[in-house]
Amino acid sequence: MNIYLSIRIKEVLLNGKWIANTNFKEQIESITWQQSIQKIENLNTIGMLTFHINYYLKGLIKVFNGGELDIKDKYSFDIPEIKNETDWQNLITEFIDNAEIFSEKVRQLEETQLEQVFIDKKYGTYLRNIEAVIEHSYYHLGQISLIKKMITNKKYDIEIIPYTEANKKYIKTLNIEWLEKYFSVEQKDEIQLSNPQQEIIDKGGKIFYAKYKNEIVGTATLMKLDKTTFELSKMAVTETMQGKGIGITLMEHCLNYSKTNQIQKLILYSNTKLKTAIAIYRKYGFKEVSFDATHYKRANIKMELELK
């Protein structure tokens, strides 16, 4: 039985194709680091799911080696930020190594040990926990396969590109669209959107665009306030492309850029009328702070995010 379980573990994690026609190793080795962190609507990323399974493998291996059971569900998705291909490859390598080790540990178990209590009666037997790992892994393997298809499908093929003079007009057209729908275009908007190079770039800010099927469909801006504080602003996605994760992709790109460029704080001004936007800000850790004077008449809420 132990040998059979060991084989099943390898099938789902390393080399099998019998049940799912694929395995974890095959799926995660075939994507880039950018794809590993790409968010699709409200699903976990492939990187998060890889970390999640690896977290449990490490914890169980520790127990098999005589250590304590110290893994907790609430920490199982606390993945360190993946900033480049090296980070992603390191996670893949660790995952594969732990999968090999766990499979071997199960193979070495005595048959009688399978029915013994695993640490505490509330956790059941060794057999129950090993089978849980296999079933849990197949469940998340299915998710990874689906997410990968969604990412590689042209519908979700979103590319983040920088501002250039050639694409200057899009920061204005994209923002005018939502401003005129919900509020009005204020004088400060007109100045910044008409002169992005002078008003944003030359002052140390950044403008990013989301590109889909060779068409720019979204934008976001980081406006420099001081050396370590920037304002997240001018975020917009054209209405026909909303609901496809483009805004979230822009948000995560801005956060990743900020963290890798020693930006310590992001602030933003918004309006509570924009409930979807406010929910996204809160999801990524922005907290409401005391509202102060701002050049936006439409704003009625200020939020901040401390970056560490």
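Is V117 buried, partly exposed or exposed? With a relative accessible area of 42%, V117 is partly exposed, because that class runs between buried (under 20% relative accessible area) and exposed (over 50%), using a 1.4 Å probe and protein chains only. Before going further, please keep in mind that this is a predicted model, in which local features need pLDDT of at least 70 and side-chain atom pairs count only at pLDDT 80 or more, while totals for chains, interfaces and linings use all residues. Residues are numbered from 1 along each chain as its sequence is written, and side-chain values use heavy atoms, with hydrogens and water left out.

Let us take the whole chain next. The protein chain contains 11 helices and 7 strands; these are DSSP runs numbered from the N terminus, with helices (H or I) of at least four residues and strands (E) of at least two. Along its principal axes, the C-alpha trace spans about 75 × 40 × 30 Å. Of the 308 residues in the chain, 47% are buried. Among contacts (heavy atoms within 4.5 Å) with a separation of 6 or more, 66% involve residues 24 or more positions apart.

Back to V117, which you will find in the loop between α5 and α6 (126–152). Leaving aside residues up to four places away in sequence, V117 touches G124, T125 and Y126. F286 is 169 residues from V117 along the chain, and 44 Å separates their C-alpha atoms.

Now for the helix before that loop. Two packed helices are described by the angle between their axes and the distance between the axes. Here axes are lines fitted to C-alpha atoms, for helices over the stretch in contact, and angles run from 0 to 180 degrees between N-to-C directions. Helix α4 (residues 46–64) and helix α5 (residues 85–107) have axes that come within 9 Å and cross at roughly 40°. Their crossing is left-handed, meaning that the near helix is turned anticlockwise from the far one by less than a right angle; clockwise would be right-handed. On the α4 side the contact includes I46, F51, L57 and F64, and on the α5 side W88, F95, I101 and V106 are among the residues taking part. By class, this contact has 14 nonpolar, 4 polar and 3 charged residues. Nonpolar covers Ala, Val, Leu, Ile, Met, Phe, Trp, Tyr, Cys and Pro, charged covers Asp, Glu, Lys and Arg, and the others, Gly among them, are polar.

Helix α5 also packs with helix α1 (residues 2–15), at an angle of about 165° and with the axes 7 Å apart. The two are therefore roughly antiparallel, a label for angles over 145 degrees. This crossing is right-handed. In α1, I3, L5 and L13 are among the residues that meet α5, whose own contributors include F95, A99 and V106. The contact divides into 10 nonpolar, 3 polar and 3 charged residues.

Helix α4 also holds H52. At 4% relative accessibility, H52 counts as buried. Its contacts, not counting residues up to four places away in sequence, are S76, F77, H136 and H140.

Our last stop is helix α10 (residues 246–260). Buried residues in α10 include I248, M251, C254 and S258. S258 has a relative accessible area of 0% and, beyond four places in sequence, touches L222, I263, L266 and L307. After α10 comes Q262, whose phi is positive, near 60°.

Methods
Angles under 35 degrees count as roughly parallel, over 145 as roughly antiparallel, 65 to 115 as roughly perpendicular and the rest as oblique. The expected span of a helix is 1.5 Å times one less than its number of residues.
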